[in-house]
Amino acid sequence: MTTQTESAAASEIPAGKTLWSSGLRQVAPIVMGYVPVGAAFGVLAHKTGLSMLSTILMSSIVFAGSSQLIAVAMFAAGMPPFSIIATTFIVNLRHLLMTASLAPNLGKWRKWQLALFAYEITDESFALHSARFANGDDSRAVTFIINVTAHVSWVIASWAGFLAGATIPDIKPLGVDYALPAMFIALLCMQVKGRLHVLVAGFSGLASVALVQSGADQWSVIIATLLGATFGAGVESWMNKR
Amino acid sequence: MDEQTVILTIVGMTLVTYIPRVAPVLALASRSLPEPLVRWLSFVPTAVLSAMLFPSLLLRDGSFDLSPQNFFLWAAIPAFILAVKTKSFFGTVALGMALVAAGRYFFA
C-alpha cells in the first residue's frame, strides 16, 4: 500500500509539468479563436451600453459565445428579458447532446467534478474532449486545465474588448478567425472512424447547411445532429441485420 | 433597461444554459446505458462537429459561396488532407490559418 502511494506520488511530480504543457498545447487553438470573438463581444457590449460588470458577469457565468452575441443584439434592440432568456435556451440547447455523448466516459468522476466540467462545456471544449476521450486521454487534470484556460481567456478578452471600445486592431490578415474552423477539421478527422462516420459527417453537415439556408439557424446544429446520429445508428443496425 | 434587470436577465441566461449542459452528465454518467442509446450517442460527436463546421465553410453571409474568394472553403481541403494523413492537431490549425492569411494577402 505504502509503496503504491509512494510510486504514485513519485510519478506525479514529473507528470505535473507534462499535464500543464499537454493541456496548454491542446487549448491553444481555442484561445486563439476566443480572444478575437470575446473582444468583439466586449466591444459590442460597450456600444450597447451594458456596464462593465454586466459584460464580465455574462462572460463569466453564461460562457457561451454565440448566445452572448445574440443577447447583446437583443439588449440593443430593447427586447424583453423573457425573449432574451428563451432565445439563449434555444441557442444553447445543443450542449445537451454534447454532454450526453461525453457522459459514458465520465463514470468514475465525482459529482462536483461533473458539475464543474459541464459548466465549462462549449462547442470547442466539447470537440476537443470528445476527441481526447476517444483516443484514451481521459486525464481529469488536463481536462480542467483546458476548460479553465479557455474560460479565463474568454473572460479576459471580453473585458479587454470592453475597455478598448471600438479600437481593437483588425486581426483578419493573420487568419486567426480560421483557428476554430481548422480545429474542428482536425478534431472531426480524429473522430471519423470508418466509412459510416464519413457518411454521417456529410449527411449531418449538409442538413445543417440546408437548415441555416431555410432560416432555422438557431435550430440548425441540434436538428442536424439528431438527424445525423439517427441516420448513423439506423444504417448501422440495418447493416448488422443483413 | 436598468442594471438590476440586466443582471437578472444574465442570471436567467445562465440557468437555461447550465441546466442542459449539466443534466445529461449527472443523469447518465454513473449509469450503464442501453446498448442502442450508447451506439446512437457514439455518432453524436461526428454529427455535431460537421453540423457546426459545414455552414462556416460553405456559406458566407447566409448564402452558398463556391467562389475562389471563399478562402475558408479552399483552405479546408489541404487542411483535411493534412489532418487525415498526419493526425496532427496543431499542424492542421497552423496550415489552415496560414492558407487563409495567404489567400487574403495575395488574392483579396
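Which hand does the crossing of H4(B) and H5(B) have? Select those two helices of chain B and have a look: the crossing is right-handed. (A crossing counts as right-handed if the near helix is turned clockwise from the far one by less than a right angle, and left-handed if anticlockwise.)

Before going on, know that this is a predicted model, where local features need pLDDT of at least 70, side-chain atom pairs count only at pLDDT 80 or more, and totals for chains, interfaces and linings use all residues. Residues are numbered from 1 along each chain as its sequence is written, while chains are lettered from A and ligands numbered from 1 in the order in which they are written. Helices (H or I, at least four residues) and strands (E, at least two) are DSSP runs, numbered from the N terminus.

**Stay on the helix pair**

H4(B) and H5(B) pack at about 155°, and their axes are 9 Å apart. Axes here are lines fitted to C-alpha atoms, for helices over the stretch in contact, and angles run from 0 to 180 degrees between N-to-C directions. So H4(B) is roughly antiparallel (over 145 degrees) to H5(B). Colour the touching residues next: among them are Phe71(B) and Leu82(B) of H4(B), and Leu95(B) and Val100(B) of H5(B). Contact means C-beta atoms, placed from the backbone, within 7 Å.

**Now show both chains**

Chain B puts 64 residues into the contact, and chain A puts in 80. On the chain B side, H1(B) gives the most, with 20 residues. That side has 48 nonpolar, 11 polar and five charged residues. (Ala, Val, Leu, Ile, Met, Phe, Trp, Tyr, Cys and Pro count as nonpolar, Asp, Glu, Lys and Arg as charged, and the others, Gly among them, as polar.)

**Two loop stops**

Most residues other than glycine have a negative phi. Zoom to Phe63(A), in the loop between helix H2 (52-62) and helix H3 (65-76) of chain A: its phi is positive, about 50°. Phe63(A) is buried because 24 other C-beta atoms lie within 10 Å; the cut-offs are 20 or more for buried, 12 or fewer for exposed, and partly exposed in between, with C-beta atoms placed from the backbone.

Then jump to Asp61(B), between strand S1 (59-60) and strand S2 (63-64) of chain B. Asp61(B) also has a positive phi, near 50°, but this residue is exposed, with 5 C-beta neighbours inside 10 Å.

**Last stop**

Select Val176(A) and Tyr34(A): they are 142 residues apart along the chain, and their C-alpha atoms are separated by 9.8 Å. Val176(A) is partly exposed, with 18 other C-beta atoms within 10 Å.

Technical notes
Contact = placed C-beta atoms within 7 Å. Parallel < 35°, antiparallel > 145°, perpendicular 65-115°, else oblique.
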